[in-house]
Every structure is written in C-alpha cells, then in structure tokens.
Amino acid sequence: MSHAHPDPHRDPDATPTPPWGGTPRSAPTRGRSATGRPTPPSGFATPAPGFSTAGIPRAQRRDRLARPRRRAVAVARVLAGGLVVLAVVVLLAPVLLGGPGPGADTVAGHLIGAVLAVGATAVAAHRRTASGPAIAAAAAVPVILLAVLWSSWWA
C-alpha cells in the first residue's frame, strides 16, 4: 500500500511531505536564510578567542514604559492635531468671514503653539527617544494647548 506521507520511523532517509502538500523546506545553511538569500552580517566583530563577553551588559532590556509611552504619544498627537486645526481656523477666520479677525498677537500665539506642539509630538514619537523624555515631551503638548487656550481664549 502506497501513501503520500512516508513514515519517517520506517524509512529514516525519507523526507515527509507536509500535510498541505508541496515540498518541505530544508534547514537553512550557514550564511543562507530559509529562502536561500544570504543573511546580512551582524555588524559586530567576532571576539578574539579566549575573550569572554559574559560581563558585557546586553542592550535588549524590556522597556517598562512602552505602553504608557504609546498612549501618551497618541493623546499628544490628537491634541497637537486639534491645535493645528485651531491655528488654521484662527488664521483663516478673517478671510472667510470678512471681518477684522483676531489681532496679530493672537494669530502668532496660535501658530507658535501649534509648531511647538507638533515638535514635541515628533520628539515623543521618535523611536530613538528614550521613554522618559518621550513621555515628558508628550506631556508638554497639553501644557502648550492649555497655555494657548488660556492666553487667547480665556484671559
């Protein structure tokens, strides 16, 4: 009786066919990935024989602030986007409504606040910024927003 899936226990040299059909993948060889492409170099020099690397601290450490950072950056992006929209509305209001509009200091305050908020968001969202400074930059966005609202709308 012949079947499509040889039993590796009976024939140790037989390569079993995967249940989904096709040909099985062979294990990658040194210097080649499973797809046959060459693997890129690691970028690190091979240590000299007899040189122990056990005492060197590893950079792969779990970031405790990764989730709060993502949430803070998301909130900062929303608030910065709202401040940009508000700055555009304040800038274009006299043109669209045909009135005198706000003063130059109010328009400048909105534009400066929007630029600062977008810059703080960019710093917070950058992947190379450490989590502590990133959260601080993200926390600066609501402060900037409140300063613009207080100085131009509530004062």
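Colleague: How many helices and how many strands does the secondary structure of the protein come to?

Modeller: The secondary structure comes to 3 helices and 0 strands, and, read from the N terminus on, the elements run α-α-α. Please keep in mind throughout that this is a predicted model.

Colleague: Which residues of helix 3 are buried, and against which elements do the buried residues pack?

Modeller: The buried residues of helix 3 are S131, A134, A137, A138, V141, I144, L145, V148 and L149, and they pack against helix 1 and helix 2. S131 has a relative accessible area of 8%, and it counts as buried because the cut-off is under 20%. Leaving out residues up to four places away in sequence, S131 touches D63, L65 and R69.

Colleague: How do I describe the way in which two helices pack, and at what angle do the axes of helix 2 and helix 3 cross?

Modeller: Two packed helices are described by the angle between their axes and by the distance between those axes. Here the axes of helix 2 and helix 3 come within 8 Å and cross at roughly 170°. Angles over 145 degrees count as roughly antiparallel, and helix 2 and helix 3 are therefore roughly antiparallel to each other.

Colleague: Which residues in helix 2 and helix 3 meet?

Modeller: On the side of helix 2 the residues are T106, G109, H110, G113, L116, A117, A120, T121, V123 and A124, and they meet A134, A137, A138, V141, I144, V148, S152 and W153 in helix 3.

Colleague: Which members of the largest nonpolar core touch the most other members?

Modeller: That core has 16 residues, of which L83, A117, A124 and V141 touch the most other members. Helix 1 (66–97), helix 2 (104–125) and helix 3 (131–154) each supply at least two residues of the core, and the largest share, 7 residues, comes from helix 3. As for A117, its contacts, not counting residues up to four places away in sequence, are with A80, L83, V141 and I144.

Colleague: Where is the place of G101, and how accessible is G101?

Modeller: G101 is in the loop between helix 1 and helix 2, and at 42% relative accessibility it counts as partly exposed. G101 and V90, which are 11 residues apart in sequence, are 7.9 Å apart in space, C-alpha to C-alpha.

Colleague: What can be said about the protein as a whole, starting with how much of it counts as buried?

Modeller: Of the 155 residues, 18% count as buried. The accessible surface comes to about 12200 Å², and 63% of that area belongs to carbon and sulfur atoms. Among contacts with a separation of 6 or more, 58% are accounted for by residues 24 or more positions apart.

Methods
Residues are numbered from 1 along each chain as its sequence is written. This is a predicted model: local features need pLDDT of at least 70, side-chain atom pairs count only at pLDDT 80 or more; totals for chains, interfaces and linings use all residues. Side-chain values use heavy atoms; hydrogens and water are left out. A nonpolar core is a set of buried Ala, Val, Leu, Ile, Met, Phe, Trp, Tyr and Cys residues joined through side-chain atoms within 4.5 Å. Buried means under 20% relative accessible area, exposed over 50%, partly exposed in between (1.4 Å probe, protein chains only). Helices (H or I, at least four residues) and strands (E, at least two) are DSSP runs, numbered from the N terminus. Contact means heavy atoms within 4.5 Å. Accessible areas come from the Shrake-Rupley method with a 1.4 Å probe; for residues, only the protein chains shown count as cover. Axes are lines fitted to C-alpha atoms, for helices over the stretch in contact, and angles run from 0 to 180 degrees between N-to-C directions. Angles under 35 degrees count as roughly parallel, over 145 as roughly antiparallel, 65 to 115 as roughly perpendicular and the rest as oblique.
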